[in-house]
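Let's take a walk through this model, one piece at a time. Keep the structure open beside you as you read.

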Amino acid sequence: MSKFVDRVVLHATAGAGGNGCASVHREKFKPLGGPDGGNGGRGGSIVLVVDPNIHTLLDFHHRPHAMARNGKQGMGGYRAGANADDLELLVPDGTVVFSTEGEIIADLVGPGTRFAAAEGGRGGLGNAALASAARKAPGFALLGEPGESRDLVLELRSMADVGLVGFPSAGKSSLVAAVSAARPKIADYPFTTLVPQLGVVSAGAEVFTIADVPGLIPGASEGRGLGLDFLRHIERCSVLVHVVDCATFEPGRDPVADIQALEDELARYTPALGGELADRPRLVALNKIDVPDASDMADIVAAEVAERFGWPVFAISSATHAGLKELLFALAAQVHDYRAAQPVPEATRIVLRPTAVDDSGFVIEPDTLIEGGYVVRGARPERWIRQTAFDNDEAVGYLADRLARLGVEDALARAGAMPGDAVTIGDVTFDWEPSTPAGVAAMMSGRGTDRRLEQSDRIPAHIRKAARIDRRRHRTDEELLAGVELVRDITEE
């Protein structure tokens, strides 16, 4: 079985952040020690790192799921939880990261290049960090955020300077074996080579890599043969070489027709990394001239090929090494010119994109699942929802303060929201009740409580949580009103 894997799906799950600690300092003769809960640790991230010693994605084929560790929970005495180590996954040079929708996310080129495939969750703040003039001894802490979970497609595109293209059994593997130390499998039947073969070649002062791209036949760009799987490996090649079998006895085959058929396939293939294969320099290698009939064929078609396509033509034999020196030095010159024409890479720059002065950080949209409902979208409100422990009334009141300071309450009122309307933030849906100004009730509440959630004319906190609107069930105004009336009946009882 082949051990070369160049396309895998990676299921990356970063670690969750540790919860903050709600603790009060207790010591003899110090009844008012104050809050001393520490912060939770950060969850570990999933990081892809380019390693030049890795040449295949086989490890991800056998282990497609990657999970980083969670951060540790904070503790009393101002002790913060430990951060989890990042999980580093080694990938070959030339790995391209796609989303499941086919969008390129990262192109990993160069040893040591790093890419955070999934970010670890932030740790929650302990009550020591949440203390303020209005809330001197918080009876709650923030929860750690869950780690990011993503499905990514990893594809390997070989980092070869020269790509050999040609029909099966044209002698591409033999050519790689003749000019480099690579030892691919060689046999006299089609599709002997099932994976790209890479070799390192020296020609004078120039050193370059050469790759055999297997399985190209007419229809390869549409999925025939093996070509569709391996056409991606010529995307980075600076020079393409047509290896032509001049000794074939198949009917309807001749060097000119073979070259034209493969050029048609290359023209139909659209590189995912951009650019056009038609722009790459090309050479033609008329192979197997050690066979008398093939030598005669090469003499006959060499001029026609050069005139029709306008590319340098070399008659070679991988078996006797005839013509290989001339071919290699011509390739070295082409590779040198291509490298010299490439722009000098700029130093890494950090681009700062400040937030617009009129950007509130969230938007209010009508809910498409609940008639008359609203959805609040924004990084901060959704993060605050994930950090809130809804079994603690003071934590819910703190969330209300944060949303009010951000302007969510006012924005909902301007959007036309009425008391009792369904409002969704993140994965939580609740019946909206305008709160008192932020922080006013916090000064009058005990630890773990909030008077705004205990008023007699409001729904008690434990009933409100039990009566949260189910987005899959309540879809009409009648159903919403019926749910609110039921809660009020329970409250009166």
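In the protein chain, what share of the contacts with a separation of 6 or more comes from residues 24 or more positions apart? Such pairs account for 72% of those contacts, where contact means heavy atoms within 4.5 Å. A bit of housekeeping before going on: this is a predicted model, in which local features need pLDDT of at least 70 and side-chain atom pairs count only at pLDDT 80 or more, while totals for chains, interfaces and linings use all residues. Residues are numbered from 1 along each chain as its sequence is written, and side-chain values use heavy atoms, with hydrogens and water left out.

Now the overall inventory. The protein chain has 12 helices and 18 strands; these are DSSP runs numbered from the N terminus, with helices being H or I of at least four residues and strands E of at least two. Of its 493 residues, 48% count as buried, meaning under 20% relative accessible area, with exposed being over 50% and partly exposed in between (1.4 Å probe, protein chains only).

Two strands pair if DSSP finds at least two bridges between them. Axes are lines fitted to C-alpha atoms, for helices over the stretch in contact, and angles run from 0 to 180 degrees between N-to-C directions.

Zoom in on β9 (residues 162-165) and β11 (residues 206-212), which pair in the parallel sense over 3 bridges. Leu164 stands opposite Asp212 in β11.

Is Arg280 buried or exposed? Arg280 is buried, with a relative accessible area of 11%. A polar atom of its side chain lies 2.8 Å from the backbone oxygen of Cys237.

Next, helix α9 (residues 393-406): its 14 residues reach 20 Å from first C-alpha to last, close to the 20 Å expected at 1.5 Å a residue. That expected span is 1.5 Å times one less than the number of residues. Most of α9 is covered, with 12 of its 14 residues buried, including Val396, Tyr398 and Leu399. After α9 comes Gly407, with a positive phi near 100 degrees.

What's next to α9? The axes of α8 (residues 379-387) and α9 come within 10 Å and cross at roughly 175 degrees. That makes α8 roughly antiparallel to α9, a label for angles over 145 degrees. Trp384 and Ile385 are among the α8 residues making the contact, and Leu399 and Leu403 are among those of α9.

Definitions and conventions. A polar contact is a pair of N or O atoms within 3.5 Å; within protein, one must be able to donate a hydrogen and the other to accept it, and residues adjacent in sequence count only if both atoms are side-chain atoms. Angles under 35 degrees count as roughly parallel, over 145 as roughly antiparallel, 65 to 115 as roughly perpendicular and the rest as oblique.
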